[in-house]
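This report examines a single structural model, taking selected sites in turn. The sequence and coordinates are shown first.

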Amino acid sequence: MENIKEKIRIFVEEECKKPTNSYGYQVYSNHLLPVINYAKILTKKMNANEEIVELAATLHDIGLIMHGRENHHITGAEIAEKKLKELNYPEEKIEQVKHCIRTHRGSKDIKRETKEAQIVADADAMSHFDRIGGIFWIAYFVEKLNQEEAREFVKTKLTKSFNKLSKNAKEIIKPRYEAAMMLLE
Ligand SMILES: [Fe+2]
């Protein structure tokens with residue numbers, strides 16, 4: 001099934017390049033790649049299904065990329081289903097991938113029923129620690145904050161991300177979390 005992972009990766013990367021993606025290509029390089037990387041680390045640690053996790057991690061923000069932030073956990077699950085069906089991916093595995101996408105958002109209190117879903121949500125939050133510059137970018141250019149406010153904004157965002165992680169994910173990210181807090185004090 002190497003083939004399907006690569007086909008999905010290419011599909012998502014191509015969508016990231018389109019001008020209709022208001023987040024720019026950086027969502028692929030600065031967000032999706034770190035998420036996939038952390039997802040792989042957690043998959044080994046937790047003995048989860050690698051294929052489901054990798055497909056879901058790659059597709060988790062496809063709704064946001066194609067249609068914007070609102071309800072992107074739902075639009076994303078629908079797009080994933082359509083695409084995976086086209087590629088003749090087995091029905092029951094499609095359901096597992098969709099469950100990960102539907103439950104990946106920390107802000108939407110939807111219960112995660114599988115360890116694969118927990119891994120994708122963890123990896124999504126962990127990726128913030130790979131792109132502190134990106135969070136500053138949001139603080140300055142989207143939120144239009146001053147330096148002091150931006151520092152607080154980043155600190156709050158990282159603390160929230162850290163607190164919602166599972167025990168395994170916290171263990172991995174703790175050194176980066178502590179280093180960030182030290183610099184942002
Ligand atoms: Fe994400």
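## Surroundings of H60

Residues up to four places away in sequence being set aside, H60 touches H31, L32, V35, H72, I101, H104, V120 and D124. H60 is placed in the loop between α3 and α4. The model is a predicted one, and in it H60 has a relative accessible area of 0%; because buried means under 20%, H60 is assigned to that class.

L84 lies 24 residues from H60 in sequence, and the C-alpha atoms of H60 and L84 are separated by 13 Å.

## The iron site

Which residues coordinate the iron ion? The donors are NE2 of H31, NE2 of H60, and OD atoms of D61 and D124, at 2.1 to 2.3 Å. Along the chain, these donors follow the spacing H-x28-H-D-x62-D.

Why is the arrangement around the iron ion irregular? The 4 donor atoms subtend angles of 85 to 172 degrees. For reference, the ideal angle for four tetrahedral donors is 109.5 degrees.

## The largest pocket

The largest pocket holds about 1,100 Å³ of space. Its lining comprises 36 residues, of which R69, H128, R131, I138 and K157 are the closest to the pocket centre.

Four helices each supply at least two residues of this lining: α2 (26-46), α7 (115-126), α8 (132-142) and α9 (147-163). The greatest contribution comes from α8, with 6 residues. Sorted by class, the lining of the largest pocket has 14 polar, 11 charged and 11 nonpolar residues.

## Two buried serines

S161 is located in helix α9, and S166 in the loop between α9 and α10 (167-184). S161 counts as buried because its relative accessibility is 2%. S166, with a relative accessible area of 17%, is also buried, since the limit for that class is under 20%.

Contacts with neighbours within four places in sequence are left out here. On that basis, S161 is in contact with A125, H128 and F129; H128 is also among the residues closest to the centre of the largest pocket. S166 is in contact with Q118 and D122.

Most residues other than glycine have a negative phi. N47 has a positive phi, near 55 degrees, and N71 has a positive phi near 50 degrees. N47 is found in the loop between α2 and α3, while N71 occupies the loop between α4 and α5 (72-86).

Are these asparagines buried or exposed? N47 has a relative accessible area of 64%, and because exposed means over 50%, N47 falls in that class. N71, with a relative accessible area of 35%, is partly exposed.

Note on methods:
Residues are numbered from 1 along each chain as its sequence is written. This is a predicted model: local features need pLDDT of at least 70, side-chain atom pairs count only at pLDDT 80 or more; totals for chains, interfaces and linings use all residues. Side-chain values use heavy atoms; hydrogens and water are left out. On a 1 Å grid over the protein atoms alone, a cavity is a set of points where a 1.4 Å probe fits but cannot get out, and a pocket is an open set with protein on both sides within 12 Å along at least five of seven lines; lining residues have an atom within 4 Å of a point. Grid points are joined across faces, edges and corners, and a volume is the space filled by probe spheres set on the points. Ala, Val, Leu, Ile, Met, Phe, Trp, Tyr, Cys and Pro count as nonpolar, Asp, Glu, Lys and Arg as charged, and the others, Gly among them, as polar. Donors are N, O and S atoms within 2.8 Å of the metal (3.2 Å for Na, K and Ca); water is not among the atoms, so sites may look incomplete. Four donors count as tetrahedral if all angles lie between 85 and 135 degrees; four count as square planar and six as octahedral if opposite donors are over 155 degrees apart and all others between 65 and 115; anything else is irregular. Buried means under 20% relative accessible area, exposed over 50%, partly exposed in between (1.4 Å probe, protein chains only). Contact means heavy atoms within 4.5 Å.
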